[in-house]
Amino acid sequence: MSGDGDSGGGIGGAADGGAVDGGVDGGVDGGREPGADSGVDTDADSGMGSGMDIGVASGVDTGTAARLQKLFEGHRLTPTQRRIAHCMVRRAADAPFLSSVELAELAGVSQPSVTRFAVALGFDGYPALRRHLREVAPTDKPGDTGSYNEYQQAVQAEIDNLRHLAAALADPSPVIEAGRLFAASRPLPVLGLRAATAQAAGFSYFARKVHPDVRLLDEGGTMLTDRIDAAVRAGASALLCFALPRHPREVVDALEYARTSGLTVVTVADSAFAPVAHHTDLLLPAPVGTGLAFDTACAPMLLGRVLLEAMCDALPDAQARLEEFDARAAARGLFVE
């Protein structure tokens, strides 16, 4: 389908998961989490929300990420252990070569927690887990990126994140299902707080050009529940959430409330191990970059555009709405040609 004059682009053709992380939102939004770990794990379900796998294509990063995801599935992991799992998936290429001390430092946990994590997966200890990863992964350590400065390394990390996303999209069925849910929901509430506000606002801005009623939920507080109630009363059947680190507690609470109100929750999150997984019906992971002071979120943004495409494919009058917008924009002289 042809694009509208604003976007500059065209339009073409869960299961319950892990327990909610008990940490209170703090620090700098979207930045590196200081992360202290007491070394005491509390029992909690792990599971992962249904949706896309993190990576299934060939290559060191995507292949190792897929194997790690499979390895973690079906195990009961504590919040601390899910944090370690999340770190290993995000550093998939390096995971087979990290010592327990290095992994603990990267994940912001204690070294004994890494040992308990390996035991929870069925290994005698972390050395046995690392040997297993080396046996099933390519034997060569990832290429040296020492010639890159820190800014280039951040860009390269985002390129890897986009490769993970491309691999996950090899099975388009979760995205197609999400697009169908969004098209059928009138209105369609879109939730994104703090670091995820930009992704939710960007999706909502373009979605309003083809969907008759999109409601952006970008402010927390006591009014958030009221706005969910209003959407339900107006006939909403689904809710889209963008959830990025650090995960605000009120997002978790809002998703729990939305599901109990009868909404089908679709979440774009940084990982299948994110705290929101337990309150999501369809989880679509898109990794974020952590190499800079503030997280980078190119993959979640791109996945939001992919979901827009899927929703447009499910809306029979999407093309007509875009053409109508183009005509009105031209008549108003809205854009500089």
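In strand β5, L284 is the bridge partner of V268. Strands here are DSSP runs of E, at least two residues long, and helices are runs of H or I of at least four, both numbered from the N terminus. The model is predicted, so local features need pLDDT of at least 70 and side-chain atom pairs count only at pLDDT 80 or more, while totals for chains, interfaces and linings use all residues. Residues are numbered from 1 along each chain as its sequence is written, and side-chain values use heavy atoms, leaving out hydrogens and water.

Strands β4 (residues 264–269) and β5 pair in the parallel sense over 4 bridges; two strands count as paired if DSSP finds at least two bridges between them. They belong to an open sheet of 5 strands in the order β2-β1-β3-β4-β5, with parallel pairing. Because β2 (214–217) and β5 (282–285) stand at the edges with a single partner strand each, one side of each has no neighbour in the sheet.

Turning to the side chains, the count comes to 7 salt bridges, each a side-chain nitrogen of Lys or Arg within 4 Å of a carboxyl oxygen of Asp or Glu. One of them joins R180 and E177, with the closest N and O atoms 2.6 Å apart; both residues lie in helix α7, 3 residues apart, about one turn of the helix.

Another salt bridge links D281 and R259 (2.9 Å, N to O). D281 sits in the loop between β4 and β5 and R259 in helix α10 (residues 249–260), so the pair ties together parts 22 residues apart in sequence.
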